[in-house]
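Subject: Structure handover

Hi,

Here is the structure I promised to pass on to you. Please have it open while you read, as my notes follow below.

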Amino acid sequence: MEYHNLAQGTFLARPNRFIAHVETAEGVQICHVKNTGRCRELLVPGCTVYLEESDNPARKTRFDLVAVKKECPKGALLINMDAQAPNKVFGAWAQTNLRPDLTLLRPETKFGHSRFDFYWESTSGRGFVEVKGVTLEENGVARFPDAPTERGVKHIEELIEAKKAGYEAAVCFIVQMEGMRWVEPNDVTHPAFGAALRRAAKSGVEVMALECAVTPSTLNVVRPLPVRL
């Protein structure tokens with residue numbers, strides 16, 4: 001996927017989860033944060049961020065905050081933190097890579113008490129995929145979640161039920177940064193999510209991860225990553 005009309009800035013503060021104050025060449029901007037997660041390890045005062053200017057003059061905020069540079073021991077790591085991006089990236093990737101005989105790929109499809117990100121059909125099967133964006137990095141390892149997510153646990157449990165009902169089922173982690181060694185559940189932050197993910201894998205739910213190349217203006221899948229449970 002691609003962003004347009006980008007500006008670079010310096011992150012100053014985040015008064016609430018929707019808004020950030022960013023210093024740009026044109027002065028301090030009040031920006032919409034396209035990720036309602038905590039992102040405390042990313043949005044550190046003084047860090048470099050990238051903003052996309054909206055073409056909607058009626059908006060209250062002129063810019064969206066879409067990417068951030070995280071300073072790491074081995075150098076700066078550029079991370080896309082747009083929470084809407086993983087589904088778009090997965091959808092584009094899945095059209096040609098999910099199944100060679102794919103006949104249908106439909107977003108936002110309900111099953112049981114959940115609405116999964118994608119439902120697909122092929123000449124040989126059908127199934128659901130739940131997509132999770134990953135922005136947390138620790139020592140070259142990508143971890144999910146960065147905060148407790150009861151909704152995420154519910155999705156995993158519903159995937160198990162979908163598998164029992166005869167569908168194929170998968171959870172796909174879209175890693176919004178490059179150079180990771182593997183993906184793993186963040187058991188320290190939310191052990192229940194890790195436990196649910198392991199139950200799902202034992203039940204036949206596919207657990208997969210795709211790493212993305214990130215520039216300030218683009219986000220594209222480059223390779224599968226191993227998942228360690």
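A residue is called buried here when its relative accessible area is under 20%. Please keep in mind that this is a predicted model.

Let me begin with helix α2, residues 150-164. Its buried residues are G152, V153, H155, I156, E158, L159, I160 and A162. An α-helix has 3.6 residues a turn, so residues three or four places apart point the same way. What do the buried residues of α2 pack against? Their partners are the strands β7 (102-111), β8, β9 and β12, together with helix α3 (191-202). From its first C-alpha to its last, the 15-residue helix α2 reaches 21 Å, close to the 21 Å expected at 1.5 Å a residue. After α2 comes G166, which has a positive phi, near 105°.

Next, strand β9, which is one of the partners of that helix. Seven of the 10 residues in β9 (residues 125-134) are buried, so the strand is largely enclosed by the rest of the structure. Which strands does β9 pair with? Strand β8 (residues 114-122) pairs with β9 in the antiparallel sense, over five bridges, and Y119 stands opposite F128 in β9. These two strands form a hairpin, with two residues between them. Strand β12 (residues 168-175) also pairs with β9, in the parallel sense and over eight bridges; here G127 stands opposite E168 of β12.

Is E130 buried or exposed? With a relative accessible area of 2%, E130 is buried. The E130 side chain makes a polar contact with the side chain of K132, at 3.4 Å. Leaving aside neighbours within four places in sequence, E130 is in contact with R115, F116, D117, H155, L159, A170, V171 and C172. Two of those contacts, H155 and L159, are among the buried residues of α2.

Finally, the cysteines. How many disulfides are there, counting pairs of sulfur atoms within 2.5 Å? The count comes to zero. C47 is in no disulfide, and its nearest cysteine sulfur, in C39, is 11 Å away. C47 has 11% relative accessibility and so counts as buried. For C172, the closest cysteine sulfur is that of C212, and because the two are 8.8 Å apart they are too far for a bond. C172 is also buried, with a relative accessible area of 0%.

Best wishes

Technical notes: Residues numbered from 1 in each chain as written. Predicted model: local features only at pLDDT ≥ 70, side-chain atom pairs only at ≥ 80, totals over all residues. Heavy atoms only, no water. Buried < 20%, exposed > 50% of the residue type's maximum accessible area, 1.4 Å probe, protein only. Helix = DSSP H or I, 4+ residues; strand = E, 2+ residues; numbered from the N terminus. Pairing = 2+ DSSP bridges. Disulfide = S-S within 2.5 Å. Expected span 1.5 Å × (residues − 1). Contact = heavy atoms within 4.5 Å. Polar contact = N/O pair within 3.5 Å; in protein donor to acceptor, adjacent residues only side chain to side chain.
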